[in-house]
Amino acid sequence: MYEYLHGVITAVYPDHVVIEVNGVGYLVNTANPYRYQVSAAAVTIYVYQAVSDTAQTLYGFQDFAEKQLFLKLINVNGIGPKSALAILANPDHQGLMQAIRTNDVSFLTKFPGVGKKTAGQIVLDLQGKLDDLTPADDGALFTPEVATTDEENPQLADALAALAALGYRETAVKKITPKLKQFAGESTNDYLSEGLRLLTT
């Protein structure tokens, strides 16, 4: 129903943002909410609307390429919108595409909620079907989310909360937290991207 929303970001949370369009605030679930900032400057978020018996949910994407890859992922048996967002949160978009093309199941099982069976299904369903995504699309960036508190570093705390919202296990997040504390990030997005890199390498 919706292709995109163009408006201002009024709130950013670990698993979603609120974008106001013509006086209406839309709750949009996104892989990396911290790519956005509360600002008077208008932004465009590409969206996908999922309708069920109990809810209508909007999923948001930074660009058209990210939305297209999301649509391919949710067509895989066993991959729902939440799992697809967790996969797209990884900033290594090229690595994801390459893993699918080369049947790298071990890479795919590093994402939350993706076991060997689901990873194999992703390869089976999408191998050879990503060619319509241009090389420029391959370079699109994605980011994730985690949960923990760090009063001395609120950007790190927000990034950990985002990782948790994406579905990464608490034990895995705690394991990489010491490395993230040593990471010289300047924003929540920096910490989130580094956390995703550490969780998937």
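This is a short tour of the structure, stop by stop, for you to follow in your viewer.

Keep in mind that the model is predicted, so to speak of local features asks for pLDDT of at least 70 and side-chain atom pairs count only at pLDDT 80 or more, while totals for chains, interfaces and linings use all residues. Residues are numbered from 1 along each chain as its sequence is written, and side-chain values use heavy atoms, with hydrogens and water left out.

**Stop 1: the barrel.** Show the cartoon and find five strands that close into a barrel, in the order S1-S2-S3-S5-S4, with mixed pairing. Strands (E, at least two residues) and helices (H or I, at least four) are DSSP runs, numbered from the N terminus; two strands pair if DSSP finds at least two bridges between them. From one strand to the next, the twist averages 55°. Angles here run from 0 to 180 degrees between N-to-C directions, with axes fitted to C-alpha atoms, for helices over the stretch in contact.

**Stop 2: strand by strand.** Select residues 4-12 and 43-51: these are S1 and S4, antiparallel and joined by four bridges. Look for Gly-7, which has Val-43 of S4 opposite. Now pick residues 16-21, strand S2, which pairs with S3 in the antiparallel sense over six bridges. Val-21 has Val-24 in S3 as its bridge partner. Two residues sit between the strands of this hairpin, and Asn-22 takes a positive phi near 50°. S3 also runs parallel to S5, with three bridges joining them; there, Val-28 stands opposite Leu-58 of S5.

Stop 3: Which strands does helix H2 (residues 81-88) touch? Select the helix and you'll see S3 (24-30) and S5 in contact with H2 (heavy atoms within 4.5 Å). The direction of H2 makes about 15° with that of S5.

**Stop 4: two annotated spans.** UniProt, in an unreviewed entry, lists residues 71-90 and 106-125 as "domain: Helix-hairpin-helix DNA-binding motif class"; such annotations may be inferred rather than shown by experiment. Residues 71-90 are 60% helix and 0% strand, with end C-alpha atoms 16 Å apart. For residues 106-125, the figures are 65% helix, 0% strand and 17 Å.

**Stop 5: the largest pocket.** Finish with Lys-110, Phe-111, Pro-112, Gly-113, Gly-167, Tyr-168, Arg-169, Ala-172 and Leu-199, which line the largest pocket. A pocket is an open set of points on a 1 Å grid where a 1.4 Å probe fits, with protein on both sides within 12 Å along at least five of seven lines; lining residues have an atom within 4 Å of a point. The space in this pocket is about 170 Å³, counted as what probe spheres set on the points fill. Its lining divides into five nonpolar, two polar and two charged residues, with Gly counted as polar.
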